[in-house]
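Student: I would like to learn how to read a model like this one, feature by feature. Where do we begin?

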Amino acid sequence: MTTAALTRSATRAEPGYSFRSATRMEWLKLRSVRSTPWILLVFAAGMIGLSVLVLSHEHWATMSAGERATFDPVNEGFTGLALGQLVLGVLGVLAITTEFSSGMIRATFAAVPRRPMVLAAKAAVVGAVTLVAGEVLAFGAFAAGELALRSPAPHATLAQPGVLRAVLLGGAYPCLIALIALGLGAIVRNTAAAISAVVGMLFVVPLILLPLGTSIQHSVGQFLPMLIAENSMTAVKPVAHSLSPGIGFGMLCVYAAVALVAGGWALARRDA
């Protein structure tokens, strides 16, 4: 988005800025950034492509009895979340850090002096876009994966217990990661550093736990975002040493709320 266009939006918002006008301005900015459609395209390709790739290579005839007992086609179909969470995390970071790097954040704060409202408006827009994209592609990945899964492997349907819940939470998960990333971006204010923080939270911390023993892995790992998604939110069959789907979802909501509150406090206390 050009500086002139942002200035015009800021001027319109100045007389009586409100959350609605701030949200409208943030929506205009997000949809006019070139990276947004590309990020959503990569998200779609990862969700559906990896679902088809993984489930099309499942060979039921060669599975052991234990593997068959724990086989969860719904969970396997959401392998693309490993990439999708990072992609939408990047979107959440870019929604705020690019304004700091370009200096456009000053015009934004001039239009909406209440800085926490700016972050709340960004969160509303980013949350709405990523939730819609996440849910649409979660159902798309589920459908594509079931079509790719070869018989006699057991297929899943939305009418089966836990399946609809897993698909819905699978779509909500990347949205929550995007909101957490938005909060981190507001705190750090640097694109590379904020993306590094997201990568560390999602991928590095679980790897650090591996050599620490199973007791620590089970006690600490169950509270990590990616393991929550893998072991409870998108799993139809219960996984040992994991949170229930409801508690896992609530935990991620708490993470997002804490990150956004901390980000709003950082915006209010520090200069642009």
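**Surface, fold and charged pairs**

Tutor: This is a predicted model. Begin with the surface: the chain exposes about 12500 Å², and carbon and sulfur atoms supply 69% of that area.

Student: What is the mean pLDDT of the chain, and how many of its residues reach 70 or more?

Tutor: The mean is 89, with 93% of the residues at 70 or more.

Student: How many helices and strands does the chain have?

Tutor: There are 13 helices and zero strands. The radius of gyration is 20 Å, close to the 19 Å that the globule rule gives for 272 residues, so the chain is as compact as a globular protein of that length. Along the principal axes, the C-alpha atoms fill a box of roughly 65 × 40 × 30 Å. Buried residues make up 47% of the 272 residues. Of the contacts with a separation of 6 or more, 79% are between residues 24 or more positions apart.

Student: Now take one element. How many residues of helix H12 are buried?

Tutor: Helix H12 (residues 225-233) is mostly covered, with seven of its nine residues buried. Among them are Pro225, Met226, Ile228 and Met233. The buried residues of H12 pack against H6, H9, H10 and helix H13 (245-269).

Student: How should I read a salt bridge?

Tutor: Side chains of opposite charge can pair when their charged atoms come close. In this model the count is four salt bridges. One of these joins Glu26 to Lys29, with the closest N and O atoms 2.9 Å apart.

Student: Where do Glu26 and Lys29 lie?

Tutor: Both are in helix H2 (residues 19-32), three residues apart, about one turn of the helix. An α-helix has 3.6 residues a turn, so residues three or four places apart point the same way.

Student: Are Glu26 and Lys29 buried or exposed?

Tutor: Glu26 is buried because its relative accessible area is 5%, under the 20% cut-off. Lys29, at 6%, also counts as buried.

Student: Which residue of helix H8 pairs with Glu26 in helix H2?

Tutor: Lys122 forms a salt bridge with Glu26, the closest N and O atoms being 2.7 Å apart. The pair links distant parts of the chain, since Lys122 is in helix H8 (residues 115-148) and Glu26 in helix H2, 96 residues apart. Both Lys122 and Glu26 are buried.

Conventions:
Residues numbered from 1 in each chain as written. Predicted model: local features only at pLDDT ≥ 70, side-chain atom pairs only at ≥ 80, totals over all residues. Heavy atoms only, no water. pLDDT = per-residue confidence, 0-100. Helix = DSSP H or I, 4+ residues; strand = E, 2+ residues; numbered from the N terminus. Rg over C-alpha atoms; globule rule 2.2 N^0.38 Å. Buried < 20%, exposed > 50% of the residue type's maximum accessible area, 1.4 Å probe, protein only. Contact = heavy atoms within 4.5 Å. Areas by Shrake-Rupley, 256 points an atom, 1.4 Å probe, with all protein chains shown as cover. Salt bridge = Lys/Arg side-chain N within 4 Å of Asp/Glu carboxyl O.
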